[in-house]
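Please open the structure in your viewer and keep the selection tool at hand. The stops below proceed from one selection to the next.

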Amino acid sequence: MSAATTRSRTPDRLCAEAVDLARAAAEEAAAPGVVGEHVGLVSEGDRVVTHFFECKEFGYRGWRWAVTVARASRAKIVTLDETVLLPGADALLAPEWVPWSERLRPGDMGPGDLLPTDAEDLRLEAGFSGEDEPAPNSAVSQDMAELVEAEDAEVTAGSPANLPLAPRRGSIAAVAEELGLRRARVLSRYGLHVAADRWEESYGPKTAMAQAAPASCVSCGFLSPIGGSLGQAFGVCANEFSPADGRVVALSYGCGGHSEAAVMPTPPRPAPPVVDETRVDPFPLRPAPDSGSVPVTPDEPSSELGHS
């Protein structure tokens with residue numbers, strides 16, 4: 001250990017005794033009654049000492065006023081360096097600042113809000129606007145345009161040079177427009193995978209609703225298909241009674257509102273009643289003696305109980 005390091009760890013005596021000078025500087029920088037008791041000091045180097053005072057300001061629990069004093073070599077006068085309010089070990093601090101792009105969550109945007117997209121967003125890639133030549137491996141490359149031109153030559157009358165208008169399908173711009181690629185930027189492969197994972201997590205086969213469903217959405221009549229490569233695995237639910245109405249659902253998703261899950265049978269209609277208003281059916285008040293429903297006995301004038 002060097003001598004300079006030893007001297008820097010030992011506070012200078014004159015600087016350590018300049019507590020009143022440090023307190024006066026802290027009280028001048030702070031509001032009246034905010035500077036509290038002297039809570040310690042630390043040596044910052046040769047003849048440089050920082051004094052700490054308790055901060056009594058509301059909302060600054062654990063903070064300390066730090067006043068640094070120093071003196072020149074062989075000088076006996078201590079001078080003031082700086083005064084600052086610093087947090088202590090148990091200070092109440094604000095949470096770490098997070099950029100807005102990381103704080104933003106789905107559903108936070110409201111009417112009138114603008115969400116700028118980063119130029120290097122991994123979810124997007126350059127499309128074809130017609131100004132630049134597409135990449136060789138692009139779906140709208142020159143090879144694709146030549147292939148389309150060859151197909152058009154087989155169905156058109158004569159060569160394109162003899163036609164009044166050249167076939168529009170043979171141009172790169174026409175192919176790009178047909179494939180939905182004639183935009184400044186389109187979804188990249190990463191963007192497609194991220195969207196598919198997010199949709200499948202919300203309305204996919206692993207959800208509790210899909211596990212209890214009688215059938216999947218791929219056979220449901222309420223499923224509206226979507227275009228593009230995502231249409232091979234997703235669609236839009238159009239059942240107003242389904243929990244996924246208006247949502248993008250996986251074809252392997254399902255719910256109890258499946259169109260073919262339970263077809264309600266048509267309720268039976270009873271036959272109309274037949275009433276014969278021309279026939280009269282007699283109904284005797286007493287049964288006939290020969291009907292056999294009651295025994296034939298002579299009438300008794302009275303009974304033992306006094307009834308006649």
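A residue is called buried when its relative accessible area is under 20%, and exposed when that area is over 50%. The model on display is a predicted one.

**Stop 1: cysteines.** Select C255, whose relative accessible area of 9% makes it buried. Is its sulfur bonded to the closest cysteine sulfur, or too far for a bond? That closest sulfur belongs to C237 and lies 5.9 Å away, too far for a bond, since a disulfide requires two cysteine sulfur atoms within 2.5 Å. Next, select C220, which is likewise buried, at 15%. Its closest cysteine sulfur, in C217, is 6.0 Å away and therefore also too far for a bond. The disulfide count by this rule is 0.

**Stop 2: a buried asparagine.** Move to N239, in the loop that joins strand 8 (234-237) to strand 9 (248-250). With a relative accessibility of 7%, N239 is buried. A polar atom of the N239 side chain lies 3.1 Å from the backbone nitrogen of F241. Beyond the neighbours within four places in sequence, display F222, D245 and G257, with which N239 is in contact.

**Stop 3: salt bridges.** Side chains of opposite charge can pair when their charged atoms come close. How many salt bridges does the structure hold? There are 2. For one of them, select D12 and R71, whose side chains meet at 2.9 Å, N to O. D12 sits in the loop between helix 1 (3-9) and helix 2 (13-16), and R71 in the loop between strand 3 and strand 4, so the pair ties together parts 59 residues apart in sequence. D12 is buried at 12%, and R71 is buried at 18%.

Finally, select R13 and E17, which form a salt bridge at 3.6 Å, N to O. Here R13 is exposed, with 55% relative accessibility, and E17 is exposed, with 52%.

How values were computed. Residues numbered from 1 in each chain as written. Predicted model: local features only at pLDDT ≥ 70, side-chain atom pairs only at ≥ 80, totals over all residues. Heavy atoms only, no water. Helix = DSSP H or I, 4+ residues; strand = E, 2+ residues; numbered from the N terminus. Buried < 20%, exposed > 50% of the residue type's maximum accessible area, 1.4 Å probe, protein only. Polar contact = N/O pair within 3.5 Å; in protein donor to acceptor, adjacent residues only side chain to side chain. Contact = heavy atoms within 4.5 Å. Salt bridge = Lys/Arg side-chain N within 4 Å of Asp/Glu carboxyl O.
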